[in-house]
Amino acid sequence: MIAVSGFTGKRVAVFGLGGSGLATARALASGGAVAVCFDDGEAGRKAARKAGLQVADLRQEDWSQFAALVLAPGVPLTHPQPHWSVELAREHGVEVIGDVELFLRERRRIAPDAPLVAITGTNGKSTTTALISHVLKSAGRDAQMGGNIGVPILELAEPALSRIHVIECSSYQIDLAPSIDPSVGILLNITPDHLDRHGTLEHYAAVKERLIAGSRLAVVGVDDAISAAVADRAERAGTSVRRISARHPVADGIHAEGSVLWLDEGGAQSVFADLAPILSLRGSHNAQNACAAVAACLALGLSADEIRAGLASFPGLAHRMEMVGRAGRVLFVNDSKATNADAAERALASYSRIYWIAGGRAKAGGIESLRPWFDRIAKAYLIGEAADDFAATLTGHVETQMSGTLEAAVAAAARDAAQDRADEPVVLLSPACASFDQFPNFEARGRAFAEAVRGIVPQQGGQEVA
């Protein structure tokens with residue numbers, strides 16, 4: 001744990017007592033602050049009391065005595081309206097920050113030059129974070145991975161010159177980190193998402209842009225117009241920028257042509273690596289993720305050979321195009337993390353004969369943007385609240401089945417795929433939806449898919465892949 005010493009002897013309000021909120025309160029208390037904790041839910045308050053933390057209804061506290069409000073990233077800061085704790089803080093002139101900001105301040109105090117890689121983007125940030133951390137660790141570096149993935153940032157080891165923190169940052173976390181200044185800031189892409197929490201695409205993009213605006217080196221994916229403009233603005237402002245693309249060469253940076261990564265430097269191009277043999281990095285979206293990882297690791301001083309070895313041994317992430325089983329020629333892929341159409345597009349683009357399981361709680365736009373990939377879908381199996389809307393979009397283009405539940409969809413898709421004569425039919429869970437209608441989160445949905453596959457694969461003479 002990192003003991004947060006910037007508020008020693010001061011009272012700090014902490015709202016939101018999930019995993020990161022509890023870690024924040026403990027880190028503040030360890031550094032000598034008086035952390036006063038609260039949550040709208042009794043479960044969070046109970047967990048804080050069990051941890052020995054001070055719990056009090058912040059609506060009854062004297063806010064003139066608080067030095068800061070540390071807000072959990074899941075709590076609304078601006079939209080659809082500020083949470084009542086935020087309104088109280090602003091009413092009394094109390095700064096509102098998050099756990100990432102606390103980490104940044106401790107880093108500046110302990111080791112201001114300690115390497116920090118911060119990754120954001122609408123899609124791909126978890127894989128890119130894990131990939132960079134894996135490459136660093138495989139090369140013998142002390143890499144600490146956390147933030148929006150895995151371990152809360154304040155539960156990692158403290159910053160040091162010999163230690164590299166690799167942090168995934170959601171837009172919510174960036175919004176609560178006004179002084180974010182990574183050694184390497186990575187922006188992968190920007191597409192509409194979380195607009196219920198940011199109001200407009202422009203505000204959402206502006207929050208994302210802040211991560212790379214304060215970085216020493218900005219690595220920016222330029223395959224969408226918004227991010228390309230961000231790269232241009234950063235460069236004009238004097239930030240060193242390395243552009244990455246999964247579609248075309250770039251002026252100075254790294255691009256992919258199919259599975260091959262190319263270094264673009266000073267007008268010259270050279271092959272860096274071929275991802276084709278690496279099943280965990282299949283697809284153009286993973287080519288972009290790999291481009292970002294290569295750019296970051298080169299900047300951190302790794303050799304080309306160290307990076308290539310790390311890429312080759314990357315195991316991939318659960319629920320992100322995760323190959324969970326194979327029965328004969330049929331491959332079963334868990335892409336439960338695809339909670340919007342843009343994420344699902346990456347999976348649809350990676351396979352040519354797909355038995356697609358989709359649906360859940362739909363996000364804005366549904367699956368209209370996926371029309372260019374409909375010819376790859378042999379049949380769609382629709383589940384959850386979005387089933388009727390998705391069926392309306394698919395009618396006349398893709399054969400559909402209203403499966404209702406994930407278990408029924410897996411059984412039907414497996415049966416149909418087994419009759420397909422293609423070289424590699426794929427039963428793909430890539431829902432293009434949030435999970436909250438039938439599952440508490442995308443992880444639970446992915447585990448349910450894998451469990452259903454495990455019940456089918458042995459019957460068809462197959463095996464688990466992972």
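Biologist: What covers the buried residues of H9?

Modeller: This is a predicted model, in which local features need pLDDT of at least 70 and side-chain atom pairs count only at pLDDT 80 or more, while totals for chains, interfaces and linings use all residues. Residues are numbered from 1 along each chain as its sequence is written, and side-chain values use heavy atoms, with hydrogens and water left out. Helices (H or I, at least four residues) and strands (E, at least two) are DSSP runs numbered from the N terminus, and contact means heavy atoms within 4.5 Å. On those terms, the cover over the buried residues of H9 includes S9, helix H8 (201-213), S10 and strand S11 (240-245).

Biologist: Which residues of H9 are buried, and how wide an arc do they cover around the axis?

Modeller: With buried taken as under 20% relative accessible area, exposed as over 50% and partly exposed as in between (1.4 Å probe, protein chains only), the buried residues in H9 are Ser-227, Val-230, Ala-231 and Ala-234. They lie on the same side of H9, because the arc they cover, taken from the directions from the helix axis to the C-beta atoms, is only 100 degrees.

Biologist: How far apart are the end C-alpha atoms of helix H9?

Modeller: The expected span of a helix is 1.5 Å times one less than its number of residues. The 12 residues of helix H9 (residues 225-236) should therefore span 16 Å, and this agrees with the distance between its end C-alpha atoms, which is 17 Å.

Biologist: In S10, which residue is the bridge partner of Leu-187?

Modeller: Two strands pair if DSSP finds at least two bridges between them, and strand S9 (residues 184-187) runs parallel to strand S10 (residues 217-221), joined to it by 4 bridges. Within S10, the partner of Leu-187 is Val-220.

Biologist: Which are the edge strands of the open sheet of 9 strands?

Modeller: The order in this sheet is S7-S8-S6-S9-S10-S11-S12-S13-S14, with mixed pairing. Two strands pair on one side only, and these edge strands are strand S7 (142-147) and strand S14 (268-274).

Biologist: At what angle to S14 does helix H11 run?

Modeller: Axes are lines fitted to C-alpha atoms, for helices over the stretch in contact, and angles run from 0 to 180 degrees between N-to-C directions. Helix H11 (residues 304-312) lies across strand S13 (260-265) and S14, and its angle to S14 is about 40 degrees.
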